[in-house]
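Please keep the sequence and the coordinates open while you work through them.

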Amino acid sequence: MPEPLLELKNVSAYYGPIRALNQVNMVLYPGEMVCLLGGNASGKSTTLKTILGLVQVGEGEVYFRGERIDPKPTSYRIERGMAVVPENRRVFPKMTVRENLEMGAYLRNDPTGIKEDLEYVFSLFPRLEERLNQMAGTMSGGEQQMLAMGRALMSRPKLILMDEPSMGLAPKLVETIFKIIKSVNERGITVFVVEQNANIALSIADRGYVLQTGEVVLEGPARDLLNNEAMRKAYLGEV
Amino acid sequence: MRKSLLVAALLVLGSFGLAQVKIGINLELSGRFAAIGNQTLNGIKVANLQTPEVLGQKVELVICDNETSREGSIACAQRFVNEGVIGVLGAISSSMSIPAAEVLQDAGIIMISTSSTNPQTTQIGDYIFRMAYTDDFQGKLAAAYVVKDLGAKKVAIFRQIDDDYSYGLAGFFDETAKKLGAKTLVQDFVANTVDFTAQLNNIRSFKPDAIYYSGFCAEGAPFMKQLREQGFDQQVVGADASDDPQCPEGAGAAFDGYIFTGFATPNLIPDPEAKKRAEAFKAKYFEVFKDAKPGDFNGFVLAGADAYNVLVAAIKAAGTTDVKAVRDALANIEHFPGVSGDITYKGTDGTPKDRTIGFYQYKVKSASDWTKIELFGKSTAEVQ
Amino acid sequence: MTASKLASRSTLFSLFAGLLFVALLGWRIASMPDYTFARIVQDFLNALTLGSLYALIALGYTMVYGIIRLINFAHGEIFMLGSYFAFYAMTLTPMHWGLALLTTVLLGGTVLLVLRSLFNLEEPKRTFLLALLIFGGTFFLLAFRHLGWIEALLLSMLATGVAGVLLEAVAYRPLRGAPRESMLITAIAASFFLQNMGQLLFGPRVRGFNAETVLNQPRSFAIGEETVYFTGILIVVPAVTAVLLFVLNLFVTRTRLGKAMRATAQDAEVAQMMGVNVNQVIALTFFIGSILAAAAGVMYSIRFGQIHPLMGLMPGIKAFTAAVIGGIGSLPGAVLGGLLLGFIEIYVVSFFPTLSAYKDVFAFVLLILILLFRPSGLVGEDLTEKV
């Protein structure tokens, strides 16, 4: 078993007095695609924020590439190779597609490498190349999702964190997006997807974790979770 | 037994300390009129050093800064009502004095405004006095000077419309100037105005022979600067609010040749005895304030000192600290030998008879190199 | 709000304003035969001079708002500090070497520390060179030269920029997570604090700011038989404002830090997710905003010839008004608002001399109208939140 890329050890996180995560243990290996499932307010987004450093760890530790990062600022973690596609896309509305992508490469200073990655992004999302100078705020939800993903790829990350990529998108579009996520993963980029739509997430991921009220209640290979009785009743029965 | 004796002794001793005559001071010590306010305060302080006691009791000065605002002045007046002072010295300007006067007249406390010149101030009631002349005299004298002595047939008048003093004074000037046959054009501005270019453009086609400025130096400095910049080289005449170092220091050479009326300095006081007293006071002033510049001493300092002196004299004459008795004594004062001249309140509404108004001129080389020249003095008794 | 809609709305407004102005002008000329062409030009030049000063002050105001959505009520006081720094730079130099040394160490040290954190100059070699430049240069200037207005202006801009960064660090950063109202209240408190500190440190008196510069030499030219007057301010301030606008625009659209500032303005959390150091960006914003305020302060003091600790109060309110009218957060909007304010002030007095006491009222009435009917301002962005 190779070294984990990302590891959460007994992580608890709080919003003031409210405990949002309780003794969470997770691990991600390089090249994997892992999904994080659960209902509303289960702590999925909080997990991502904790990994990113937008929420402070109350107890426990977070390791990235073998290094303990929970005391480090967000910019450090991004520099070390994390990238994020936020919930609701959150592109910079008054910046162009090009400028949004450039912001993804904010911490880089290798123009050749950046150009290569831009080409790669265009190959995944030709629509973006067409609308290079369009204001991001005027694009459709699906286009913004592509832009947000492209933006994350521009930092040439080791790990991409995605927060509910299917939200608000038509089913056909969701399929396309997840196919692209798969292809990105196949390139060697580790992907950690937080999703409400358990079906589609598990159909593509290698493994999954299920959160309920801040605690991990189920984990395992995606195939096992798909066949799990409790899972089917709780999450897979729902659309 | 011992304990109560001790307490009694302390009380007796303490009552000696409490037996102080309290005089409130309501002055503009910060804000736009800060310079004049502080000059007046210095005058009061020197007078207090010269006469620190009355009726065997120490005189305590309670100082309140009204921050050159009506609200501040009312707050100071209220405070003095609560603290039970015999009288209040100040304020400087009519805009601050009038609201304070209303509070103090209501409460039956004496007020002596050191330099309010708007006639309304003393009309508020019989507890309100002033040390200065009133603007009807100042305006008339200035108009006579501008129209008759300077020969101006057209005069542009700049007045600060939200200030009682400036507004009233401009009105008196305008009235007299018109009576003497001159044409006038009035332009308005408000406090804190810095840009006068529009008003100046308005008087261009009027082509005035002279300009009368009835406002303060905070606005006067940029006014004069822009006046000269915009090509106006007429003689400008101002009033006692211009008797303030902030004018020449603020605009430098733009004030060169500027003439203004103001409180009399020792040289301009016609009565030789009063002149001697003023000179003596001046000497004492510079003894106390060793680092003072010549420009720091003017009629405002004298007015402050006299306000103090005349109130103390009234307390002495009344023989008691009962406010009503002191007020009556004050209202009956005749020929009190003040350092700003002879002071008589008897038969007046609180404005001293026969005050001297001085005419001055600034000679300015630069903002740090200027002097005030005394031209002549005129008594209010001369004016009909 | 698409670009074309924005353009058409501002065109409409400009058209309306233009027509109104021409109508009033015509009425004025008709009713006052002595309102000659020369006087029309004079009024126009006066308005431009005043308006461009307001525009410059409003620029700094709007910049801070654009990035962190804070109406920095203390901007007027930063403006005042800028004037005083320049004043002391001109009147206290050349200094006694001991005093110069002390000032250099204190001021220079602070400047160095702030600049290092602002621009990420961790490298020892770079820091050493910068330190040399700052300490050496400052000491030389303070001890040996009688500083002229341009040097004083530049020094003041640097010092005030640093002061702005310090203000942010002390008063606003601690409240970064707090509700918007808390920040507003702190800003007001900071404003009062600085006013009173100013009165304490500098004395309450009005002081003359007498820079006999090329800027305030009276100049004139003839139109027919009459003369129109102006000073160098009329040329320099609009020029400086235009250059600053251009440079600022370049900075926020072409440079990495500038784009980071724009990103932070639109979504600070996501900007952080891109690796942007939001603290640095905000500090930089205050640095730039305060530099602008200082430049405005010095120009204003040269023009009107005096300074006092409360001098920032009215200009601060007017700059705020100008920025909101133009569209708070928009740089061109601030310039437009400033010019508009200047024109209103001058022309109210010119067209309605009896109402000159109320000239400020017109500006504030316009502010209220804008807030009621078009809160995003004349050229402003769509506001999702009203502060």
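**Exercise 1. Aromatic rings**

Is Phe351(C) buried or exposed, and what is its relative accessible area? Continue from there to the ring pair that Phe351(C) forms with Phe352(C).

Solution. The model is a predicted one, and every value used here is computed from it. Begin with the accessibility: Phe351(C) has a relative accessible area of 4%, and because buried means under 20%, Phe351(C) is buried. Phe352(C), with a relative accessible area of 25%, is partly exposed.

In general, a pair of aromatic rings is described by the distance of the centres and the angle of the planes. The search of the whole structure finds 47 aromatic pairs over all chains. In one of them, the rings of Tyr362(B) and Trp370(B) have planes at 80° and centres 5.7 Å apart, so this pair is edge-to-face. Both Tyr362(B) and Trp370(B) are buried. For Phe351(C) and Phe352(C), the planes stand at 85° and the centres are 6.5 Å apart, so this pair is edge-to-face as well.

**Exercise 2. Charges over rings**

Which arginine lies over the face of Tyr120(A), and at what distance from the ring centre?

Solution. Arg187(A) lies over the face of Tyr120(A), at 3.6 Å from the ring centre.

**Exercise 3. A sheet in chain B**

What is the strand order of the open sheet of six strands in chain B, and which strands stand at the edges?

Solution. First write down the order, which is β2-β3-β1-β4-β5-β6 (chain B), with mixed pairing. Next look for strands with a single partner: β2 (53-54) and β6 (128-130) of chain B each have just one, so they stand at the edges and one side of each is left without a neighbour in the sheet.

Then take one pairing in detail. Strand β1 (residues 20-27) of chain B pairs with strand β3 (residues 57-65) of chain B in the parallel sense, over eight bridges, and Asn26(B) stands opposite Cys64(B) in β3(B). Helix α3 (residues 70-83) of chain B packs on the sheet, where it touches β1, β3 and β4 (87-89) of chain B, and its direction makes about 150° with that of β3(B). Helix α13 (residues 323-331) of chain B also packs on the sheet, touching β5 (110-113) and β6 of chain B, with its direction at about 40° to that of β5(B).

**Exercise 4. Salt bridges and their sequence separation**

How many residues apart are Arg207(A) and Glu32(A), and how many are Lys178(B) and Asp174(B)?

Solution. The search of the whole structure finds 33 salt bridges over all chains. In one of these, the side chains of Arg207(A) and Glu32(A) meet at 2.6 Å, N to O. The pair links distant parts of the chain, 175 residues apart: Arg207(A) is in strand β9 (residues 207-212) of chain A, and Glu32(A) is in the loop between β2 (18-28) and β3 (33-37) of chain A. Arg207(A) counts as buried at 17% relative accessibility, and Glu32(A) counts as buried at 11%.

The side chains of Lys178(B) and Asp174(B) also meet in a salt bridge, at 3.1 Å, N to O. Both residues lie in helix α7 (residues 164-179) of chain B, four residues apart, which is about one turn of the helix. Here Lys178(B) counts as partly exposed at 48% relative accessibility, whereas Asp174(B) is buried, with a relative accessible area of 14%.

**Exercise 5. Backbone exceptions**

Where in chain A is Arg156(A) found, and what is its phi?

Solution. As background, most residues other than glycine have a negative phi, and most peptide bonds are trans. Arg156(A) is found in the loop between α6 (141-153) and β7 (159-163) of chain A; although it is not a glycine, Arg156(A) has a positive phi of about 45°. Asn10(A), also not a glycine, has a positive phi of about 50° and lies in strand β1 (residues 6-15) of chain A. Finally, the peptide bond from Gly90(B) to Ala91(B) is cis, with omega near 10°, and Ala91(B) has its place in the loop between β4 and α4 (94-107) of chain B.

Key
Residues numbered from 1 in each chain as written. Chains lettered and ligands numbered in written order. Predicted model: local features only at pLDDT ≥ 70, side-chain atom pairs only at ≥ 80, totals over all residues. Heavy atoms only, no water. Phe/Tyr/Trp six-rings, centres within 6.5 Å; stacked < 30°, edge-to-face > 60°. Buried < 20%, exposed > 50% of the residue type's maximum accessible area, 1.4 Å probe, protein only. Lys NZ or Arg CZ within 6 Å of the ring centre and 35° of its normal. Pairing = 2+ DSSP bridges. Helix = DSSP H or I, 4+ residues; strand = E, 2+ residues; numbered from the N terminus. Contact = heavy atoms within 4.5 Å. Axes fitted to C-alpha atoms, helices over the stretch in contact; angles between N-to-C directions. Salt bridge = Lys/Arg side-chain N within 4 Å of Asp/Glu carboxyl O.
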